[in-house]
Amino acid sequence: MGLDIAPGPNVPWRKVLWERQPFPDNYVDERFLEELRRNEGIRQYRYWAVVKEAVLVGQQLSCVAIFITFWLYMEQGLLSPEVLLWTSLIVGVLGYGLHNALRPQLGTDREPRTHLADLQSAAIFLSFTFGFSPVLKTLTESVSTDTVYAMSALMLLAHLVSFPYAHPSPTGSLSLNAALFASVCLASRLPGALHTFAMLSCALLMFALWPCLLQSIRDHAIGPSAWLCVAVCLGGVGGLGSRWLGGAVLLALALVSVILLCPLLLVKLQRHKDNIQGPWDEAEIHEDLCKVPY
């Protein structure tokens, strides 16, 4: 749509629709682009700030790798369920103590849960999980192993995609359910019911409780939380490499891409962003219509 010639120099054009003017409907004059605005409100990113946020994605990917490492060790008989249960219990108690130590410093408007309520929730979950472990062990007996592995991989991928990285506490329902579903599928392929119980307890610790503790540490001090995420990433690569070297290489490449390369691409491509606003945009109502009297 190009510029049309005005019928006469003495007839000014007005950008209105309620009066008849001697101009075509598609007429615009030289002032049309005077209100053009480029990249209004665009957020400028800094590389290392983006890297700190991307570390959260890498650590969650490493948590999945650590969980798979535990499953490989138990499936091959290199890790007993008793050792995993006692380790999970000790880590859970230490993490709960650290979470309670950070809670008064963070401040919250909600009434904090009591230790008795937390103990009751843990006892109910462990009791039901232990009681249903024999059932969960035989849950996928009629399903082929390849199908179980495919469902587990798909659910773990759904967990990573739907995980609320901006605010991981509390964990999103879809993300947590997908991780627990994958845990049940993998645990059903272990030798015994106690193995299943230990695997599900470990899954709850990693996919439900660990994000809450990590969020508390981030709210208290973002620096230590970033180094803690780096330690989790190194642990994931090292643990997976002890049983599956090819998987460790793929995980390391994925972590480098997510943590270092993707933020670099985001910062580099930000300069090529060209977002324009002008009089052709839809009208925006800034007034609160709820305050207008009727």
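Two residues are in contact when they have heavy atoms within 4.5 Å of each other. By that rule, and leaving aside its neighbours within four places in sequence, Met74 is in contact with Leu79, Pro81, Leu84, Leu190, Pro191, His195, Ala198 and Met199. The model is predicted, so local features need pLDDT of at least 70 and side-chain atom pairs count only at pLDDT 80 or more, while totals for chains, interfaces and linings use all residues. Residues are numbered from 1 along each chain as its sequence is written, and side-chain values use heavy atoms, with hydrogens and water left out.

The protein chain holds eight helices and two strands. Both kinds of element are DSSP runs numbered from the N terminus: helices are H or I runs of at least four residues, and strands are E runs of at least two. Read from the N terminus on, the order is β-α-α-α-α-α-α-α-α-β. Of the contacts with a separation of 6 or more, 74% are between residues 24 or more positions apart.

The chain has 294 residues, and 33% of them count as buried. Buried means under 20% relative accessible area, exposed means over 50%, and partly exposed is in between (1.4 Å probe, protein chains only). The chain exposes about 18900 Å², of which carbon and sulfur atoms supply 66%. Such areas come from the Shrake-Rupley method with a 1.4 Å probe, and for residues only the protein chains shown count as cover.

Next comes the interior. A nonpolar core is a set of buried Ala, Val, Leu, Ile, Met, Phe, Trp, Tyr and Cys residues joined through side-chain atoms within 4.5 Å. The largest one has 42 residues, and those with the most contacts inside it are Phe67, Met74, Met199 and Phe207. At least two residues of this core come from each of H1, H2 (81-106), H4 (145-162), H5 (173-187), H6 (193-220), H7 (222-243) and H8.

Helix H1 (residues 47-75) includes Gln59. Gln59 counts as buried because its relative accessibility is 2%. Leaving aside neighbours within four places in sequence, Gln59 is in contact with Trp210, Leu214, Cys229, Val232 and Cys233. The side chains of Gln59 and Gln60 are joined by a polar contact of 3.1 Å. A polar contact is a pair of N or O atoms within 3.5 Å; within protein, one must be able to donate a hydrogen and the other to accept it, and residues adjacent in sequence count only if both atoms are side-chain atoms.

How many salt bridges does a search of the whole structure find? The search finds one. In a salt bridge, a side-chain nitrogen of Lys or Arg is within 4 Å of a carboxyl oxygen of Asp or Glu. Here the side chains of Glu53 and Arg218 meet at 3.4 Å, N to O. Glu53 lies in helix H1 and Arg218 in helix H6, so the pair ties together parts that are 165 residues apart in sequence. Glu53 is partly exposed at 41% relative accessible area, whereas Arg218 counts as buried at 15%.

Helix H6 also contains Pro211, which is buried with a relative accessible area of 1%. Pro211 and Pro164 are 47 residues apart in sequence and 9.8 Å apart in space, C-alpha to C-alpha.

The surface has a nonpolar patch formed by Trp48, Val256, Leu260, Leu261 and Leu264, with about 480 Å² of accessible area together. Patches are made of residues with over 30% relative accessible area and no salt bridge; like charges are joined within 9 Å, and nonpolar side chains (Val, Leu, Ile, Met, Phe, Trp, Tyr) within 5 Å. Helix H8 (residues 245-270) gives the most to this patch, with four residues. Leu260 is in helix H8 and counts as partly exposed at 35% relative accessibility.
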